[in-house]
Amino acid sequence: MVFTSFVFLFLFLPLSLIVFYITPKRFRHLPFLLSSLIFYGYWRLDFLLLIIFSIALDYTCSHQIYNSVGDEKRKKKFLFISIFLNLGLLAYFKYFNFGLENLSQILVFFGGDAISAMEIILPVGISFFTFQTMSYTIDVYRGEIKPSKDLSLFATYVSMFPQLVAGPIVRYSEVHESLFNLSRKNIKFKKGLIQFVIGFNKKVLIANNVSEVADFAFKVNGADTQTAFIGALAYTLQIYFDFSGYSDMAIGLGRMFGFEFPVNFNSPYKSKSITEFWNRWHMTLSRWFKDYLYIPLGGNRLSPQRTYINLFLVMFLCGVWHGAAWTFIIWGCYHAAFLIAERFNGRKALGYSKLPTFFQIAITFCIAMIGWIPFRASSFPNLMDYLGAFLNREHDLKRSAIFEVLDMEKQFFIYAGLLIIFFFKNASEDNNSKYFKTINIINLL
């Protein structure tokens with residue numbers, strides 16, 4: 001079930017809201033929990049066992065950690081169990097076949113037999129709720145929060161359907177007060193509805209339309225310079241409006257049920273450096289890696305060389321988290337290189353930090369756009385062919401392959417997307433702004 005489906009919009013969401021509102025405040029989290037479990041089980045019923053296991057695991061481990069006062073060894077043991085089993089499940093479902101594929105290639109290279117991949121279906125949202133439950137257990141270990149005494153409240157936190165599939169990654173400390181007090185005064189239905197509509201239009205109008213251009217360009221390996229450039233531009237818009245659209249819908253839905261989720265995107269394409277870009281892009285994931293990996297590794301408190309290593313490890317693992325393919329790892333290393341270079345340069349953009357703001361934003365946007373090519377590429381050969389297509393210059397515009405799919409409607413949505421990301425406030429800054437009015441004018445067209 002996706003947020004833009006008819007089942008969700010006209011059946012699941014209205015029924016969930018009605019049952020939620022008519023339930024007494026004290027028990028209001030229970031219908032919300034039921035809705036969340038139905039939402040997740042709609043994909044595959046057996047996947048419910050996975051999220052139930054994750055809930056039981058971290059509920060148990062967090063209490064064992066909290067009750068082990070003065071016994072640091074015992075606390076570390078249950079923290080290790082939580083992290084090991086959470087990451088173990090994630091590694092099995094998401095990376096096991098990736099490991100088999102690479103092992104098979106090594107064996108074949110040395111004359112051995114190939115290994116067949118297993119049929120493993122990746123559970124929806126596992127990357128998000130795994131990181132969310134891990135943050136909970138780690139925060140209990142650090143003494144930053146107390147574990148929930150109510151299993152149903154904790155289960156509600158882990159399985160909240162608005163942000164379960166695509167984020168933002170929410171910490172327990174950000175919603176635990178709302179979980180205990182789901183009163184009408186905490187519900188911001190109108191504000192949530194507006195933000196949901198903004199996110200819905202981002203996804204349906206912009207992302208879905210420009211995705212056809214990006215899909216074609218990568219399918220033909222870029223074909224020529226113009227196809228490669230427009231395809232990369234289209235995907236740059238697609239991934240932002242898709243991902244930030246889902247985040248806006250999640251935040252909007254959260255407000256309808258009385259929760260305030262953290263902002264996940266803050267106009268990242270207005271950044272003047274890659275360092276700033278990562279302070280604005282997928283902010284809850286960046287925060288997770290910073291607080292639970294970068295800082296524990298030493299952050300920037302040690303030598304400059306150690307700081308560069310820490311930055312590389314974080315971005316390498318960020319690439320791995322996004323997908324089980326070398327192309328994602330290349331994307332992570334690409335951004336790591338810029339972050340390290342900018343850190344060496346005093347956290348300033350390389351060679352263009354003194355240019356007018358317009359040029360700083362434009363150059364950073366182009367760097368990010370090139371970085372999205374390995375992220376979108378279906379394979380390493382697809383990536384290399386696509387990058388090579390930039391050198392395959394096509395002077396006759398009518399002969400460019402991209403015009404097989406780039407009609408006036410698609411061009412309109414590309415221009416609209418560029419206009420919105422550079423000249424309008426984002427939904428979190430002002431969801432009653434010109435942005436909302438404009439996107440609905442586009443909808444009418």
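For the classes used below, Ala, Val, Leu, Ile, Met, Phe, Trp, Tyr, Cys and Pro count as nonpolar, Asp, Glu, Lys and Arg as charged, and the others, Gly among them, as polar. The model is predicted, and local features need pLDDT of at least 70, side-chain atom pairs count only at pLDDT 80 or more, while totals for chains, interfaces and linings use all residues. Residues are numbered from 1 along each chain as its sequence is written, and side-chain values use heavy atoms, with hydrogens and water left out.

On a 1 Å grid over the protein atoms alone, a cavity is a set of points where a 1.4 Å probe fits but cannot get out, whereas a pocket is an open set with protein on both sides within 12 Å along at least five of seven lines; lining residues have an atom within 4 Å of a point. A search of the whole structure finds 3 cavities of 30 Å³ or more. The largest cavity holds about 70 Å³ of space, and among its 12 lining residues Tyr240, Ser267, Ile420, Ile421 and Asn426 lie nearest its centre. By class, this lining has 7 nonpolar, 2 polar and 3 charged residues.

| Pocket | Volume | Lining residues | Classes in the lining |
|---|---|---|---|
| Largest | about 840 Å³ | 31 residues | 23 nonpolar, 6 polar, 2 charged |

In the largest pocket, Phe128, Val165, Ala166, Phe243 and His322 lie nearest the centre. The elements giving two or more residues to its lining are helix H5 (126–142), helix H10 (225–256) and helix H13 (304–322), where helices are DSSP runs (H or I, at least four residues) numbered from the N terminus. The largest share, 7 residues, comes from H10.

Two or more residues of its lining come from each of helix H11 (274–280), helix H12 (283–294), H13 and helix H14 (326–344), and H12 gives the most, with 7 residues.

Tyr42 counts as partly exposed because its relative accessibility is 46%, the class between buried (under 20%) and exposed (over 50%), with a 1.4 Å probe and protein chains only.

Conventions
Points joined across faces, edges and corners; volume = space filled by probe spheres on them.
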